[in-house]
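Please review the following briefing on nonpolar cores and disulfide links. The structure is shown first, and the notes follow it.

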Amino acid sequence: MNNVDSTLFLCFFFFSIFSSSHVYLAGAKQTAGNITASENPFTPKASLIRYWNNHINGDSPKPSFFISKASPLTPVDSTRFASLASNHSLHTRHSDFCSAAKLFCFPELAAHSLEKHGDDVDFASYSGKNFTNYGSDRLSGADSFKNYSGGDNIAVDSFRRYSRNSAGHDEGFTTYAGDVNVADQTFTTYATGTTGGSGEFTSYNTNANEPNGRFTSYSDKANGRSQTFTAYSDNGNNGEQTFTSYSKNGNGAPNEFSGYGTGSNVVKSGFTKYGENGNGANDSFTSYGGNGNVPVNDFKGYGDGGNGAVYGFKNYRDQSNIGVDSFASYAKNSNNEKVNFVNYGKSFNLGSDNFTAYGQGNVGGNVSFKTYGQGPSFKEYTKDGVVFAHYSNNVSSSGRRVNKWIEEGKFFRESMLKEGTLMQMPDIKDKMPKRTFLPRSIVSSIPFSSSEIGEIRRVFGAGVNSSMERIISSAVSECERPASHGETKRCVGSAEDMIDFATSVLGRGVVVRTTESVIGSKQKIVIGKVNGINGGDVTRAVSCHQSLYPYLLYYCHSVPRVRVYEADLLEPESLEKINHGVAICHIDTSAWSPSHGAFLALGSSPGRIEVCHWIFENDMTWNIVD
């Protein structure tokens, strides 16, 4: 037998052995559980099937939803990248790695442009550009960024030294980066030294997932230039906006934030040295952070040393859920500054405000709080020129406790899971970038700890203080968080690791389920036939939820004292089956936070009710097999 025949014989021999068993999964479309004759037996998918067969009891065909998450890498690429990872040199091929493994990595920006534009420019349907030295020294004219980066999966743009030292030049950012998934925009030394003109951001990052914007030295030393942020980051999800040295040393530069962050979920804004040493500034924050869910705002050194500035906060964080604001050294050592807080912080649930050295050294100015609805901490707060009108301390527990952020149908009572019940289905669509697991041979060699963030950044080509670094740090921090009382948790980046965790908690006789599709999402549905898993008895489960990370990362944790249900979902008019949902009901909620969205939606408190929710797209629950 020659060498080629020997190799083919060995491949066929191992293939025959590895494909001899079956696995059992449930929830989505049923497909064969073996490696077909046309498949390479050494792919990550084939390896995953063999791993399941060796570690899970059962003898039934399986669906595709779990196996489809296996890495698409070829056997050759798997071996090559595993070798690079083990030698700590994966960063040398990070672009190839991200592309071949279908990971979530920021695209590299195009080379910056040095060309001069004498005429007005309309940038429509652009994306992924680097505007450096663009529009410098322009006299009058206007540039329009309309529908720029709209609908992109990952919108990464850089505006550096844009419109610098221009006079009377206008820029309009309308519907910029709307409906994108993970937006990352950087405005560095934008409009520095300009005279007149205006910058308008309208419907910027609206409906974006993970909107991240950085405005550094924006409009510094500007003279009479106005900036308007309208509907900025509205309905955004979990993003971060930073304004550092914004409008510093400006002269008569009005800035208006209207409808900023309205209806957003945990959007963090940082204003550091905003308006410092400004002259005659007029800033207005109207309906800022309204109806938001835990908005976090940090004003540090805002308006320090300013002269004759006027700042207005009207309906700021109104009707929001909780929220955290910090005003440190705000308007400190200023001259003749006026600050007005109208309907500030009238939240549904008590937030946290900290005013440190606020207005200290302010000469000739005044600060007024009208209908202020929080219980703040005022440290070294100037006692002169401060007026509190209709101040209501700790107003939060009375009245309506549900705001519009708590989506109808997201949480419900167990009694709703009865045949014939008409109910609202929440948005169960997966909003995260499409990614896959990494083979265990690769992920085991990539660092994953807060002490090695620098090395993780290097592997995935993330810059220092970039949005990707923040995404990485956030995921690692959550995974390192100590488990709650009675909880067992683990973050997994390979399918094999998830199998190991689930079987360590539940044993080898397990089944994994998810909702079949997203049909019926955000619509009224009727509950059809209902099946209680394990006879509808209180049981234990392992739930796995996605985390935003370059590769597919799941936060898995044991969930004691739950009941799990499968239910047909019907179209209300025809009563035809349109989906097959999986729901989990948490029987013991005594350890949950009183501000949990479930209690806001259902009007109760920890330990008093059970709380149910659907398993969303690409999330899953593991249970002991019936």
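The points below concern a predicted model and are grouped by topic.

**Nonpolar cores**
- The largest nonpolar core comprises 33 residues, and Phe97, Leu103, Leu438, Ile442 and Phe460 have the most contacts inside it.
- At least two residues of this core come from each of helices H3 (75-86), H4 (94-100), H5 (440-443), H6 (453-460) and H7 (467-480) and from strand S29 (553-570).
- Helix H7 gives the most to this core, namely six residues.
- Leaving aside residues up to four places away in sequence, Phe97 touches Phe81, Leu90, Leu103, Leu438, Ile442, Ile446 and Phe460.
- Another core lies apart from the largest one; its 27 residues include Ile56, Phe65, Ala495 and Ala502.

**Disulfides: overall pattern**
- There are four disulfides in the structure.
- Counting bonded cysteines along the chain, the pairing is 1-2, 3-4, 5-6, 7-8.

**Disulfides: individual links**
- Cys98 and Cys105 are joined with an S to S distance of 2.0 Å; the torsion about their S-S bond is about -70°, so this disulfide is left-handed.
- Cys98 counts as buried because its relative accessibility is 9%, under the 20% cut-off, and Cys105 is likewise buried at 15%.
- Cys544 is bonded to Cys556 (S to S 2.1 Å), and this link is right-handed, with 115° about the S-S bond.
- This pair connects distant parts of the chain, with Cys544 in strand S28 (residues 539-547) and Cys556 in strand S29, 12 residues apart.
- Cys544 has a relative accessible area of 0% and is therefore buried; Cys556 is buried at 0%.
- A disulfide also joins Cys585 to Cys612 (S to S 2.0 Å), and both cysteines are buried.

Terms used:
Residues are numbered from 1 along each chain as its sequence is written. This is a predicted model: local features need pLDDT of at least 70, side-chain atom pairs count only at pLDDT 80 or more; totals for chains, interfaces and linings use all residues. Side-chain values use heavy atoms; hydrogens and water are left out. A nonpolar core is a set of buried Ala, Val, Leu, Ile, Met, Phe, Trp, Tyr and Cys residues joined through side-chain atoms within 4.5 Å. Buried means under 20% relative accessible area, exposed over 50%, partly exposed in between (1.4 Å probe, protein chains only). Helices (H or I, at least four residues) and strands (E, at least two) are DSSP runs, numbered from the N terminus. Contact means heavy atoms within 4.5 Å. A disulfide is a pair of cysteine sulfur atoms within 2.5 Å.
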